[in-house]
Amino acid sequence: MSKIFTPTNQIKLTNVAVVRMKKSGKRFEIACYKNKVLAWRNKSETDIDEVLHTHTVFTNVSKGQVAKKEDLVKAFGIEDQTEVCKQILAKGELQVSDKERHLALESTFKDIATIVASQCINPETKHPYTVSMIEKAMKEVIHFSVKPNRNAKQQALDVISQLKKAMPLERAQMRIKIVIPEKEAKKLKDKIAKLIAKMEQETWEGGALTIICLIDPGQYRGLDELVQAETKGTAVFELISLKVIEEEKHLE
């Protein structure tokens, strides 16, 4: 019985996502698990073994053709397969079918709309928009196109900025609780008052001051840094709720 000869420089892989890079006149490819490339790029996946099918650099994944070491050294300056894989993973082009690309863009579009709807309200009614309303505005009002290489959270900020210019929309206020030790309470109270949108509650107990207030999201980091710096980290700065919406009152 004759033996089947398989070239040693060929590796057959199936059901993979291919990331491709052209460098020094050569094409290099790596084989990755589907849905893991973007997770690696946005740092939600940090285990390289969960991303790569094999720590091997190819010239053609579908044909199983492995890149030569001398070509790796010429193009990347190293022959370490894993390190070259990481470079290709970071800067290479993800090869996907038209159908896969369309589905991924649709999913990201939905994610962006969901984030915007969860963080914003109509300032005239003090009520949130539905996800479908935000999606419609993204399509018909600002004609938003998803950028594949940016995550949904980053793009949601862009959408909020654009929608604010075209329709009544603003970031919902945050409800914050701050507890300040007696020593810093009086001098810090006036500084805090300048940064908040509305004081809801102010109580003194055992010398400490407790404030519950509403702030605009853009003031969150600055207020937190002010409180922690002035009290040397001894104050309590707590987010009670991310979104404050006035409940509609019905008259009987």
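A helix axis here is a line fitted to the C-alpha atoms over the stretch in contact, and the angle between two axes is taken between their N-to-C directions. With that in hand, welcome to these close-ups of a predicted model.

View 1. Eight helices and 12 strands make up the secondary structure of the protein chain. The chain has 252 residues, and 35% of them count as buried. Among its contacts between residues at least 6 apart in sequence, 64% link residues at least 24 apart.

**View 2. Helix α4, from end to end.** Meet α4, a helix of 22 residues that spans 32 Å from its first C-alpha to its last, close to the 32 Å expected at 1.5 Å a residue. Its buried residues are F109, I112, A113, I115, V116 and A117. The cover over these buried residues includes β6 (120–122), β7 (127–128), α5 (131–140) and α6.

**View 3. Helix α4 meets helix α6.** Here α4 (residues 98–119) packs with α6 (residues 152–164) at an angle of about 60 degrees, and their axes lie 9 Å apart. Because of that angle, α4 is oblique to α6. The crossing of the two helices is right-handed.

**View 4. A closer look at the contact of α4 with α6.** From α4, the residues making the contact are T108, D111, I112, I115, V116 and Q119, while α6 brings A152, K153, Q155, A156, V159, I160 and L163. Sorted by type, the residues of this contact are eight nonpolar, three polar and two charged.

Conventions:
Residues are numbered from 1 along each chain as its sequence is written. This is a predicted model: local features need pLDDT of at least 70, side-chain atom pairs count only at pLDDT 80 or more; totals for chains, interfaces and linings use all residues. Side-chain values use heavy atoms; hydrogens and water are left out. Axes are lines fitted to C-alpha atoms, for helices over the stretch in contact, and angles run from 0 to 180 degrees between N-to-C directions. Helices (H or I, at least four residues) and strands (E, at least two) are DSSP runs, numbered from the N terminus. Angles under 35 degrees count as roughly parallel, over 145 as roughly antiparallel, 65 to 115 as roughly perpendicular and the rest as oblique. A crossing is left-handed if the near helix is turned anticlockwise from the far one by less than a right angle, and right-handed if clockwise. Contact means heavy atoms within 4.5 Å. Ala, Val, Leu, Ile, Met, Phe, Trp, Tyr, Cys and Pro count as nonpolar, Asp, Glu, Lys and Arg as charged, and the others, Gly among them, as polar. The expected span of a helix is 1.5 Å times one less than its number of residues. Buried means under 20% relative accessible area, exposed over 50%, partly exposed in between (1.4 Å probe, protein chains only).
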